[in-house]
Amino acid sequence: MLNIAGDPDAMLGVPMSVAVFLLIYRFKKVNLWNKVTKWIVTRISILSLDIYLCCYIADRLVYPYFLSHYFDNQSNFGWFFFIIIPCVLLLSIIIAEVKQLIFKIVRL
């Protein structure tokens, strides 16, 4: 079965990734690449594996809270999807930063 947009290995994954990198490249060409944006992209790229690995921890913390407090039916919960995903991403970034800080202190 051909998967169009549902999985990480979906058919649209590669074009979307290429589009993101072309957009970043375009920012560099038109001098929209200030120090803050460069620092954010650099930190996220350095932490990308840790963010991916910490995403499970963030999922286990965020989803049960929203399910117990806001879940009435599936369609109602769909509106909270746009709140949950940024929360999971932000929490994953925080956990990854703390892990990096601990490793730096312990010198691992």
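These questions and answers go through a predicted model.

Student: Why is Val106 called exposed?

Tutor: Exposed means over 50% relative accessible area. Val106 has 51% relative accessibility, so Val106 counts as exposed. Val106 is found in helix H3, residues 74–106.

Student: Why does Ile83 count as partly exposed?

Tutor: Buried means under 20%, exposed means over 50%, and partly exposed lies in between. Ile83 has 42% relative accessibility, so Ile83 counts as partly exposed. Ile83 also lies in helix H3.

Student: What makes Tyr56 exposed?

Tutor: The cut-off is over 50%. Tyr56 has 57% relative accessibility, so Tyr56 counts as exposed. Tyr56 lies in helix H2, residues 35–70. Tyr56 and Ser92 are 36 residues apart along the chain, and their C-alpha atoms are separated by 8.4 Å.

Student: Which residues form the nonpolar patch on the surface?

Tutor: Leu90, Ile94, Val98, Leu101, Ile102, Phe103, Ile105 and Val106 form the patch. Together they have about 740 Å² of accessible area.

Student: How do you know which residues line the largest pocket?

Tutor: A lining residue has an atom within 4 Å of a pocket point. Among those that line the largest pocket are Ile44, Tyr52, Asp59, Leu89 and Ser92. H2 and H3 are the elements that give two or more residues to this lining. H2 gives the most, with seven residues. About 270 Å³ of space lies in the pocket.

Student: What classes of residue make up that lining?

Tutor: The lining has nine nonpolar, two polar and one charged residues.

Terms used
Residues are numbered from 1 along each chain as its sequence is written. This is a predicted model: local features need pLDDT of at least 70, side-chain atom pairs count only at pLDDT 80 or more; totals for chains, interfaces and linings use all residues. Side-chain values use heavy atoms; hydrogens and water are left out. Patches are made of residues with over 30% relative accessible area and no salt bridge: like charges are joined within 9 Å, nonpolar side chains (Val, Leu, Ile, Met, Phe, Trp, Tyr) within 5 Å. Accessible areas come from the Shrake-Rupley method with a 1.4 Å probe; for residues, only the protein chains shown count as cover. A salt bridge is a side-chain nitrogen of Lys or Arg within 4 Å of a carboxyl oxygen of Asp or Glu. Helices (H or I, at least four residues) and strands (E, at least two) are DSSP runs, numbered from the N terminus. Buried means under 20% relative accessible area, exposed over 50%, partly exposed in between (1.4 Å probe, protein chains only). On a 1 Å grid over the protein atoms alone, a cavity is a set of points where a 1.4 Å probe fits but cannot get out, and a pocket is an open set with protein on both sides within 12 Å along at least five of seven lines; lining residues have an atom within 4 Å of a point. Grid points are joined across faces, edges and corners, and a volume is the space filled by probe spheres set on the points. Ala, Val, Leu, Ile, Met, Phe, Trp, Tyr, Cys and Pro count as nonpolar, Asp, Glu, Lys and Arg as charged, and the others, Gly among them, as polar.
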